[in-house]
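User: Please take a close look at the surroundings of the ligand. Start with a few residues elsewhere in the chain, and give the cut-offs behind each term.

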Amino acid sequence: GRVFVNRVFHISAEKMFELLFTDSPFVQRLMDARKITGCTTTPWQKDGSGSMKRTLSYTITITNPLVGKSSRATEIQILYKDMHDGQHYMLDSEVYTHDVPYHDYFYTHNRYYITHNSKRKCRLRWIYTDVKYKKQPWGLAKSFITKNSWSGLEEYFRHLEAELLEEEAELTQGLGDA
Ligand code: YK8
């Protein structure tokens, strides 16, 4: 995969986690802007290995006429054991789209990493994204899936970074050392 976001924000690590991975107004705004609707979320729950897990379900709007107008999607987020203590947060997300062509062939795997930098700063890295195949499609289908997935992901990432910079500006407004 490629790295999409790698940047220090004037936002504490805890706050960054809360913004991105809880039912925050920030996520709500991000989804509204991307026309992601009907989101339901399960609470964070411990699984057998001591990691935390939650599931999101939502409907995404698609702008590519070859792909369709919308699709239901399920996102499984895993927060690794000992990786959510305010110093580091490492989170994996698997996104399954249910109504696009070839939906039973692939899913998207993302990894996010937040590290504590100082009291009011953290580094956010979207360190890994890959389109994973559950079964092998024929060559042309595979390049179609890969191409369309990356373009959607790139757009989403650019948007996420822009929204985070805006949030940072709001949060640091009026702080002396901002
Ligand atoms: C999450 C990856 C692929 C998918 C989409 C599928 C096209 C399929 C092409 C056919 C529409 C919020 C994406 C971008 C939808 C959005 C997903 C988001 C951005 C021809 C086979 C949703 C992060 C995320 C991960 C994967 C993205 C999908 O938090 O192109």
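Analyst: At 28% relative accessibility, D47 counts as partly exposed, a class that runs between buried (under 20% relative accessible area) and exposed (over 50%), with a 1.4 Å probe and protein chains only. The model is predicted, so local features need pLDDT of at least 70 and side-chain atom pairs pLDDT 80 or more, while totals for chains, interfaces and linings use all residues. Residues are numbered from 1 along each chain as its sequence is written, and side-chain values use heavy atoms, without hydrogens or water.

D47 belongs to the loop between β3 (45–46) and β4; strands (E, at least two residues) and helices (H or I, at least four) are DSSP runs numbered from the N terminus. The side chain of D47 is joined to that of S49 by a polar contact of 2.9 Å. Such a contact is a pair of N or O atoms within 3.5 Å; within protein, one atom must be able to donate a hydrogen and the other to accept it, and residues adjacent in sequence count only if both atoms are side-chain atoms. Along the chain, D47 and I78 are 31 residues apart, and 9.4 Å separates their C-alpha atoms.

Two loop residues have a backbone angle worth checking. Most residues other than glycine have a negative phi. K35, which is not a glycine, has a positive phi of about 55°. This residue lies in the loop between α2 (25–33) and β2 (37–41), and K35 counts as exposed because its relative accessible area is 54%. Y102, also other than glycine, has a positive phi near 60°. Its place is the loop between β6 (88–97) and β7, and at 27% relative accessibility Y102 is partly exposed.

Strand β7 holds N110. N110 has 3% relative accessibility and therefore counts as buried. Its side chain makes a polar contact of 2.9 Å with the side chain of T129. In strand β8 (residues 121–133) sits I127, which is partly exposed at 28% relative accessibility. I127 is 102 residues from P25 in sequence and 24 Å from P25 in space, C-alpha to C-alpha.

The space that the ligand takes is the largest pocket. A pocket is an open set of points, on a 1 Å grid over the protein atoms alone, with protein on both sides within 12 Å along at least five of seven lines. The elements giving two or more residues to the shell around the ligand are β4 (52–61), β7 (106–118) and α3 (139–172). Of these, α3 supplies the largest share, 7 residues.

The ligand is surrounded by 16 residues, the closest being E75, P101, T108, F144 and N148; a residue is near if one of its heavy atoms lies within 4 Å. By class, the shell has 10 nonpolar, 5 polar and 1 charged residues. Here Ala, Val, Leu, Ile, Met, Phe, Trp, Tyr, Cys and Pro are nonpolar, Asp, Glu, Lys and Arg charged, and the others, Gly among them, polar.

Two distances can be checked on screen. A polar side-chain atom of E75 is 2.9 Å from an oxygen atom of the ligand. For N148, a backbone N or O atom lies 3.2 Å from an oxygen atom of the ligand. On its own the ligand has 640 Å² of accessible area, and the protein covers 93% of it (Shrake-Rupley method, 1.4 Å probe).

Notes
On a 1 Å grid over the protein atoms alone, a cavity is a set of points where a 1.4 Å probe fits but cannot get out, and a pocket is an open set with protein on both sides within 12 Å along at least five of seven lines; lining residues have an atom within 4 Å of a point. A molecule sits in a cavity or pocket if more than half of its atoms lie within 2 Å of its grid points.
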